[in-house]
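I opened a new notebook page for this model. These are my entries, in the order in which I looked things up.

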Amino acid sequence: MNNPDEPLIDNNDMSESPLSKADPAVRERIQSLVDKQPYAVLCVQGNNQPYGALVAFAFSDDLRHAVFVTPVATRKYRLLRECEHVAFVIDNRSNKADDLMDIEAVTITGRSQMIERGREFERCSGLLVTRHPYLKSFVNAASCALFRVDVVRFLHVARFQEVSQWVPTARS
Amino acid sequence: MGSNRPLLIPLDAPGQWDEQLVGGKAAKLAQLMCAGFEVPRGFCLTTRAYEVFVKEAGITAAIRMELGRKSMEDMRWEEIWDAALRIRSTFLAQRLSGLLRETVAEGLRGFDASTLLAVRSSAIGEDSAGRSFAGLHESIIGVRGQQAVEDAVRLVWASLWSDAALLYRRELGLDPVHSRMAVLVQEMVNADSSGVAFARDPRNINRECVVIESVPGPCGLLVDGLVDPDHWELDRKTGCIIAWLPGQRDDMQQHAPLLETRDLEQILDTLLSVEQLFGWSPDMEWTGKSGSLTVLQARPITAAVSDENEKRAWYLSLRLGDVRLKELRTRVAEKLIPELQALGQALAAEELELLADLPLADAIEARAAAIARWKKIYWDDFIPFAHGVRRLATYYNDAVRAQDPYEFVGLLRNQPLVATQRNDAIGNLAQQLAANVMLRSAIERLLAEYAGSLRWPTFRDALMQIADGAGEFVRGFDDMNDRFLDITYDQERLHDQSESMLRNLIELSQAPNPSCSNQQLAGDSAELLRKRLLDAVGPQRREEALEVVETGRVSWKLRDDDNLLVARLESQLLRALDVAAKRLRELGRLSGKGRPNDTHVDSIVRALREASTAPVKLEATAKVPARQSSFTQPGETPRQLIGQPASPGVATGTVRCIRGTGDLGKFRRGEVLVCDAIQPTMTHLVPLASAIVERRGGMLIHGAIIARELGIPCVNGVRNAAETLKNGDLVTVDGHLGIVTVGAAEFDLELGVKST
């Protein structure tokens, strides 16, 4: 007999969770979060050293790609050049302890690629400038590099520990 | 803040006087109109229209970025002006959405297409709290047609963030998220005379009299101070004229009063009626005469503010109109600068060593008095005239709508500045050394020999003896030294700093381009920009545009030159003090290791005049840095400093701080020049630098302009730059973003020892 107080699906163990066909509601919640939050924590690594930095981001409509920009004279740029495996954390925290159960967060894993000037740069920088018009000169500065992250997986967290996964596919 | 609030309210709509929606000016005019006063008809674009515009255009974030770069308390006036210019540019770059365009069109339906309109600011609370903020925001007159009105509306909105408004940001409660501005669009009324009137004397509010001032033509001429008004004082109760003072105008009828008794009576009646309506004594702008008197504005009289210590008021007084600027241009360029030049030359030619003690004392006093006089002129005339460049900036940007708000700087190029002539002379000497390796080696050997105690006459003689072909170099050096380095920097005469200059020349001679003149002009040529401007303003405003350009160019040139010319006078005072100090020292009447400076004038003059006075003692004065690094605790180090991106490019190099004359000669090519502010006296170092970092901020300051012209990255406005960065620090200067990264480009990762 099922215990009615337990969650119907245990989302904490992702390896065993067949969640690539997630409830459409998960995608909508992810979409809502990335639409509402302009900034994300970018997680990078190098020489076994993790590193995090706040960045302004934008997503493609199909959520398969995220874009951001960094000045080249930065630690995150150097680490991005060293290792393409990255993660983003986006959340709607209000920094009040009482809101714990209201917080939604999404951890996004993927692979980054620096985009050279050209048609793809125009497309990606267009996404970013549309989302953050005040960053236009920053995005186009000669001393900045634009990166596109090809998303592998979204991990959505709500109600403190309720975790859902969504892997965007070509059809999604 | 519901979205059902209207975007537009006609001035004659009854009861729509919510100041939060229409601003103070429009609310009062609407009330006057409803009460039957003659007010030019029009409409108000409400504060909601502003909100819609800034939201659609994403301007709030742009304003926050502009104003959040550093604490406003740390921003100099020039930086505030720069921030306002860029915000204004952001407003101009965004077009009105379909909804707002339709709203403007709706308002304009009440007017004939040919009607001339005034587009005026109506900010919330600008005329309240016992203080008027009149003049902080923009009003534009003579506007005709939908597009021109839209352009004018954006300019008026942008003026919510004018440099003047930013200076008074605390009093105005200016805040990028909540501040809003309504705009009043009214038909212009052409009348023979206009003026201002006060229901009570603003200088003494308790006097029972009204004050009326009138000028021929529009009221703006009076408000902008361009025309001297006729001035009346009338008894409040009887209307009798207590005083009349004719305006000093250059017209035929300057002795006949502009207003007749019946005109004065109607103005008095109107003032008192307005007072009765609002319950406060008004300060009123009006136009027309009896029978057709129109009220343009009414606000409470504010008592004269004591601005003796109010430097902001002085700064605002610098915003001169074109007529005043042109007058000042004539005075500065044709009278003051030539006079200052001649004085500097005359003083430099005086053979002070031949003077007896009393004439020497007189000469010292005369020089000190001349400096005091010219420093006053510097504040009274030279600095106000510097506004000519700012006037050119806004004029050019309004007309051309350039993407880069500093594109106009190209119009200032190719002028024979004193500093440019000096740098050309230095460049020629460097080229001689580049071409004559033997001569350069000889100088290097002698520099090593005389290091720290070099006196040019001795060095010159030694050089002539050991180096072939030194004659031309020596003559050139003497000429350059006398013509251009007889100036002070950091309370010392550069004329006496030959060792520094020789070391700079060695460095310059080894640079890829030894000439330190501004050869690599970046951006479009002055001629192209001039054409761009003239095309934008059209043939009708051609003459006006050329005048603005010319005033801007002269203003820029003289603003650079005047610093050097005043520094030349200071050098002449130091020279006289040096002669006197040497003489007194030889007589045993002066001791101490210090060098005399302007604080010793009185004691040295007294010693020269009266042999019985006590000996003068010159203490060596230690120079204390004016500022401190923000990183004072163990373990605290700067990693990334932010400032203004003043010249694009990225360069990595080691820091060389220039804090005084002693540092000039230490500068090596490829180093990053870090200083409080690049002075006109040190611009010859710029071509040696791989990048520039300054504490002083601004896009129009010497360092920024020269760096842009030479294509050297520059970040300025960096807080405590010269105190925070140390000689030898490796930095990367990003002139695109305004960032200075401290440390190696290859960062140390956290590979620390594992704890066990």
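**Entry 1: the end of a helix**

Which residue follows H23(B), and is its phi positive or negative? I looked, and B:Gly711 follows H23(B), with a positive phi near 70 degrees. Helices here are DSSP runs of H or I with at least four residues, strands are runs of E with at least two, and both are numbered from the N terminus.

Before going on, I noted the ground rules. This is a predicted model, in which local features need pLDDT of at least 70 and side-chain atom pairs count only at pLDDT 80 or more, while totals for chains, interfaces and linings use all residues. Residues are numbered from 1 along each chain as its sequence is written, and chains are lettered from A and ligands numbered from 1 in the order in which they are written.

I then went back over the helix itself. A residue counts as buried if 20 or more other C-beta atoms lie within 10 Å of its own, as exposed if 12 or fewer do, and as partly exposed in between, with C-beta atoms placed from the backbone. The buried residues of H23(B) include B:Ile705, B:Ile706, B:Arg708 and B:Glu709. I checked what they pack against: helix H20 (542-586) and strands S17 (644-647), S20 (691-694) and S21 (714-716) of chain B.

**Entry 2: the two chains**

I counted elements next. Chain B has 24 helices and 23 strands. Chain A has 4 helices and 8 strands. Along the sequence, chain A reads α-β-β-β-β-α-β-β-α-α-β-β.

I looked up burial too. Of the 756 residues of chain B, 45% are buried. For chain A, it is 31% of 172 residues. The C-alpha trace of chain B spans about 95 × 80 × 60 Å along its principal axes.

Where do the chains meet? I found 13 residues of chain A in contact with 17 residues of chain B. Contact means that two C-beta atoms, placed from the backbone, lie within 7 Å. The side of chain A that touches chain B has 7 nonpolar, 4 polar and 2 charged residues. In this count, Ala, Val, Leu, Ile, Met, Phe, Trp, Tyr, Cys and Pro are nonpolar, Asp, Glu, Lys and Arg are charged, and the others, Gly among them, are polar.

**Entry 3: domains of chain B**

I wrote down the assignment, which comes from an automatic or database source. It gives domain 1 (8-187), domain 2 (193-301), domain 3 (323-413 + 524-617), domain 4 (418-509) and domain 5 (640-742). The C-alpha centres of domain 2 and domain 4 of chain B lie 66 Å apart.

**Entry 4: an open sheet**

I traced a sheet of 5 strands in chain B. Its order is S1-S2-S5-S3-S4, and the pairing is antiparallel. Two strands pair if DSSP finds at least two bridges between them. The edge strands are S1 (8-10) and S4 (139-143) of chain B, each pairing on one side only. The twist averages 20 degrees from one strand to the next.

I followed the bridges across.

- S1(B) and S2(B) are joined by 3 bridges; B:Ile9 has B:Cys44 as its bridge partner in S2(B).
- S2(B) and S5(B) are joined by 4 bridges; B:Leu45 has B:Val183 as its bridge partner in S5(B).
- S3 (117-123) and S4 of chain B pair over 3 bridges; B:Arg120 has B:Ser139 as its bridge partner in S4(B).

Which way do the residues of S2(B) point? B:Gly42 and B:Cys44 point one way, B:Phe43 and B:Leu45 point the other way, and all are buried. In a regular strand the side chains alternate between the two faces of the sheet.

Then I checked a helix lying across the sheet. H5 (98-108) of chain B lies across S1, S2 and S5 of chain B, at about 5 degrees to S1(B). Axes are lines fitted to C-alpha atoms, for helices over the stretch in contact, and angles run from 0 to 180 degrees between N-to-C directions.

**Entry 5: the cores**

The largest nonpolar core has 202 residues. Such a core is a set of buried Ala, Val, Leu, Ile, Met, Phe, Trp, Tyr and Cys residues joined through C-beta atoms within 7 Å. B:Val119, B:Val183 and B:Val693 have the most contacts inside this core. Helix H1 (19-34) of chain B gives the most to it, with 8 residues.
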